[in-house]
Amino acid sequence: MFDSHFHLIDPRLITEIDWQNNRPCGVEIGADFESLPAVFAMAQEHDGIYCTAGVHPAYADSYSANDLENFVVANLANPKFVAIGECGLDYHRDDLPARATQQSVFASQITLANKYAKPLVVHTRDAWDDTVTMLIAHKAELQHGVLIHCMSYTAENAQYLLRALADVPLYFAFGGHITYKNKSFFHDTLRVIPRDRILIETDAPYLAPVPKRGEINRPEYIQYTARQMALVLNLTVDEVETLTRDNALRFYQIKTAPLK
Ligand SMILES: [Zn+2]
């Protein structure tokens, strides 16, 4: 499986990974500026691991556009560096940075991705309307691709954005949340997205799928999400693996096929 979104450097996870027998393959996502060197070192040290540079909305208060751009420029020649993000909007809790701050930090990273011709990984939680408004306003800067990670909105929401951004390479990633019994409306969302725009992810250590829900999520738990995705899309697990791998490599513009 090619896991389109994980945080292996998380201290709860890093010591648990079995690089000999259960080697993860996918994209190590940058979420806060201080951790980016560790994110990039992770990708550098391991075949099949790629990396992104970005600042999650939870860290918007300490964002420096200059610092992030300098980091991006210093790493542009690194073939493992595949995207900008995760960035976006998160209105889930009251203690998160102010909405206006999140919005300007998001806009700054959209512009940065376009300037350096990188696809953009978007985090959006309880913030759909503002996310859509911003993506539409910045449509001209999205031509290198947009991924809505952990897509957790309705089928109608997905269809609306697909229409509004019809000429943008727009992808959606699904994780453990599609296995949650109280969230079966995500199955409808999954079904309306064109097959060539669907990615799979763990978001490990977050969002563990059933039957591991509530535990620290691990890369190998992607099998449970893949089984659920196969059921919903009426595919085999092997077909889900091939489909989501091809889509992820196309979105992230990864030219050399990574390890299985
Ligand atoms: Zn994440």
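**Notes on helix packing and backbone details**

1. Leu207 sits in the loop between E8 and H8, and its phi is positive, near 60°, in a residue other than glycine. Helices (H or I, at least four residues) and strands (E, at least two) are DSSP runs, numbered from the N terminus.

2. Before going on, a word on the model. This is a predicted model, in which local features need pLDDT of at least 70, side-chain atom pairs count only at pLDDT 80 or more, and totals for chains, interfaces and linings use all residues. Residues are numbered from 1 along each chain as its sequence is written.

3. The loop that holds Leu207 has another point worth a look. The peptide bond between Val210 and Pro211 is cis, with omega about 10°, and Pro211 belongs to the loop between strand E8 (198-200) and helix H8 (222-233).

4. Is Phe81 buried or exposed? With 22 C-beta neighbours inside 10 Å, Phe81 counts as buried. Leaving aside neighbours within four places in sequence, Phe81 is in contact with Cys51, Ala53 and Asn75 (contact means C-beta atoms, placed from the backbone, within 7 Å). Ile200 is 119 residues from Phe81 along the chain, and their C-alpha atoms are separated by 19 Å.

5. Helix H4 (residues 99-115) passes a simple length check: at 1.5 Å a residue its 17 residues should span 24 Å, and the end C-alpha atoms are 24 Å apart, which agrees (the expected span is 1.5 Å times one less than the number of residues). The buried residues of H4 are Gln102, Gln103, Val105, Phe106, Gln109, Ile110, Leu112 and Ala113. Their cover includes helix H3 (65-75), E4, strand E5 (120-125) and helix H5 (128-137). After H4 comes Ala117, with a positive phi near 55°.

6. Helix H6 (residues 155-164) and helix H7 (residues 185-192) have axes that come within 8 Å and cross at roughly 25°. Axes are lines fitted to C-alpha atoms, for helices over the stretch in contact, and angles run from 0 to 180 degrees between N-to-C directions. H6 and H7 are therefore roughly parallel to each other (under 35 degrees is roughly parallel, over 145 roughly antiparallel, 65 to 115 roughly perpendicular and the rest oblique). Ala155, Ala158 and Gln159 in H6 meet Asp188, Thr189 and Val192 in H7. By class, this contact has three nonpolar, two polar and one charged residues (Ala, Val, Leu, Ile, Met, Phe, Trp, Tyr, Cys and Pro count as nonpolar, Asp, Glu, Lys and Arg as charged, and the others, Gly among them, as polar).

7. How do H7 and H8 lie, at what angle? They pack at about 65°, with their axes 10 Å apart, and are therefore roughly perpendicular to each other. His187, Leu190 and Arg191 in H7 meet Met229, Val232 and Leu233 in H8; that contact has four nonpolar, one polar and one charged residues.

Notes. Two residues are in contact if their C-beta atoms, placed from the backbone, lie within 7 Å. A residue is buried if 20 or more other C-beta atoms lie within 10 Å of its own, exposed if 12 or fewer, and partly exposed in between; C-beta atoms are placed from the backbone.
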